[in-house]
Amino acid sequence: MKLTEDEIRKITLSAIEELGDKATPDNVKTIVKKAVESFDSSPSDIKMNESSGRAILTSFGINKPGIVASITKAISQCQCDIYDLSQKIMGDFFTMIMIVDLTNSPSDLKTVQEELAKVAEELKIKIYLQHEDVFRYMHRI
Amino acid sequence: MPYEFDEILETIRMTEVEHFDIRTVTLGISLRDCHDRNIEVTKQKIYDKIMKYGKNHVKYAREIEAKYGISIANKRISITPVSIPFDPFHAEEFIEIAKILDKAAEEIGIDYLAGYSALVQKGMTNGERELIQSIPYALASTKRVCSSVNIASTKAGINMDAILMMAEAIKKTAELTKDRDSIGCAKLVVFANAVEDNPFVAGAFHGVSEPEVTLNVGISGPGVVLDAIKEAGYCDTQGLAEVIKKTIFKITRAGELIGRKVAEKHGVPFGIVDVSLAPTPAEGDSIADILMAMGLEDVGGPGTTAALAMLNDSVKKAGLMASGVVGGMSGAFIPVSEDMGMIRAVENGNLTIEKLEAMTAVCSVGLDMIAVPGDTTASTIAGIIADEAAIGVINDKTTAVRIIPAYGKKEGESVDYGGLLGKAPIMSVKRISCEKFIGRGGRIPAPMRSLTN
């Protein structure tokens with residue numbers, strides 16, 4: 001996340017206020033730099049301006065044993081991380097939503113999609129894998 | 001989870017079930033540096049320039065489609081209105097240019113390239129006159145080139161001479177393409193207050209104030225709005241406007257994301273998002289169905305204009321909030337042949353040209369994809385264009401006419417193009433003559449509205 005000039009100015013002013021008499025241009029600079037850096041690395045669930053490396057997997061179909069196993073196996077083979085998972089059975093239907101992190105995966109989204117398409121074909125279920133940005137843009141301002 | 005279950009399902013439903021798609025990503029390319037005294041050199045320059053920027057257009061769009069799971073229905077290209085950089089040429093040379101444009105479009109793998117255009121709202125240069133005369137032959141000898149001519153604006157008034165020339169060009173185009181149901185006319189638009197960054201073909205062109213190259217996006221999704229209205233059940237009109245706004249807001253956000261990503265891939269500046277509900281002949285992808293879901297028995301009856309006005313306005317407002325760069329067209333398109341519900345209403349006798357004309361005063365464009373009997377005279381067509389231009393000029397909005405005087409056909413028959421262009425039943429036109437009025441020529445002065453400074 002990027003800080004605006006205004007926000008940095010505010011941080012600087014509060015640093016000067018806290019330091020009181022001890023404030024020198026040099027130590028204010030160090031403190032502000034640290035504050036800005038720590039802000040940059042602070043984890044945030046939803047960042048608007050940057051593209052995340054995550055994708056959302058949605059899967060549904062007639063329930064049968066081994067669906068979750070097959071999907072997670074395919075994902076782990078692509079070295080993707082599962083960030084979150086939610087699964088529900090509605091009557092005969094199986095539904096699953098998963099947030100998958102592809103940042104450290106050697107495969108790109110397309111390759112993972114192709115792998116999952118094979119699983120979907122085998123199990124006769126639907127699997128969609130879409131980049132997280134779509135959901136972020138549609139549902140978060 | 002950072003997203004609710006419902007939010008995720010809503011996106012999946014929109015993209016997978018309700019046909020929400022990005023209707024078009026249109027790459028605008030300036031051809032202003034492509035002129036040469038030698039037509040062969042000019043043609044080479046045009047071809048090279050379009051290929052330089054456009055050769056990866058389809059590939060990039062496909063990559064983004066796969067990444068985000070949102071389909072991009074059409075990939076297109078718009079160019080500087082051809083009459084501007086190539087003003088010194090004559091009709092035969094303009095036709096040569098159309099052919100090279102067609103070739104470039106084919107090579108890139110796109111279905112339409114638009115911008116065989118002229119802007120003549122106040123008057124015509126020699127080149128513009130030549131271009132208009134060449135339009136029927138250019139459209140008849142190419143498959144992918146689309147043409148548009150702007151004949152009126154709020155600031156300049158209505159160029160009646162140009163309207164008559166265009167009416168004759170439309171008639172000639174219908175005749176030259178008679179073996180394919182006069183399909184040439186489906187690629188020819190007559191505008192008032194044309195928008196310079198419109199991504200929607202056939203009326204797209206890359207305006208003179210546009211940069212070297214830019215990417216504009218057109219979003220659609222009548223199916224999404226239709227389902228949202230159905231789901232909302234009974235609520236008052238204010239509530240209904242809210243439902244439409246919320247839905248459009250979401251699809252505009254997605255559209256802007258896709259547009260920016262395609263532009264990023266090209267390394268070109270992102271232009272605008274045009275949020276227009278544009279129907280397709282697919283079932284459920286119809287503006288008429290939306291109006292009926294709002295409570296009309298059929299399109300064309302009393303109440304239609306009001307319902308359409310509300311729909312159009314809600315679309316604009318939502319687009320405005322969702323994107324920082326909303327295009328000038330945004331609203332609802334009402335092409336007859338491309339909308340199953342409209343076709344049905346015409347066949348039932350519920351929708352007439354006169355009611356459509358009233359609807360165009362509140363929709364985003366105008367009389368679109370309307371087939372009329374082949375023996376409709378040029379002056380009657382000119383009258384229809386002038387009426388439509390008057391609505392645009394007085395209300396300071398874009399209006400357009402894309403009319404097909406189906407050669408050799410009469411009322412009750414239809415023209416069928418298949419694909420996106422669909423099927424148009426031939427509508428009846430009043431036979432009362434306006435020949436003497438149109439024959440006066442000249443220019444209807446700019447209205448009161450133009451004196452804003």
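View 1. The model is predicted: local features need pLDDT of at least 70, side-chain atom pairs count only at pLDDT 80 or more, and totals for chains, interfaces and linings use all residues. Residues are numbered from 1 along each chain as its sequence is written, chains are lettered from A in the order in which they are written, and side-chain values use heavy atoms, without hydrogens and water. A:Ile62 lies in strand 1 (residues 54–62) of chain A. A:Ile62 is partly exposed, at 48% relative accessible area (buried is under 20%, exposed over 50%, partly exposed in between).

**View 2. Strand 11 of chain B, covered on both sides.** Eight of the eight residues in strand 11 (residues 399–406) are buried. B:Thr399, B:Val401, B:Ile403 and B:Pro405 point one way, and B:Ala400, B:Arg402, B:Ile404 and B:Ala406 the other. Strands are DSSP runs of E, at least two residues; helices are H or I, at least four.

**View 3. The neighbours of strand 11 in chain B.** Strand 6 (residues 188–192) pairs with strand 11 in the antiparallel sense over three bridges; pairing takes at least two DSSP bridges. B:Val190 stands opposite B:Val401. Strand 10 (residues 367–373) pairs with strand 11 in the parallel sense, over six bridges. B:Ala371 has B:Ile404 as its bridge partner.

Notes
Buried means under 20% relative accessible area, exposed over 50%, partly exposed in between (1.4 Å probe, protein chains only).
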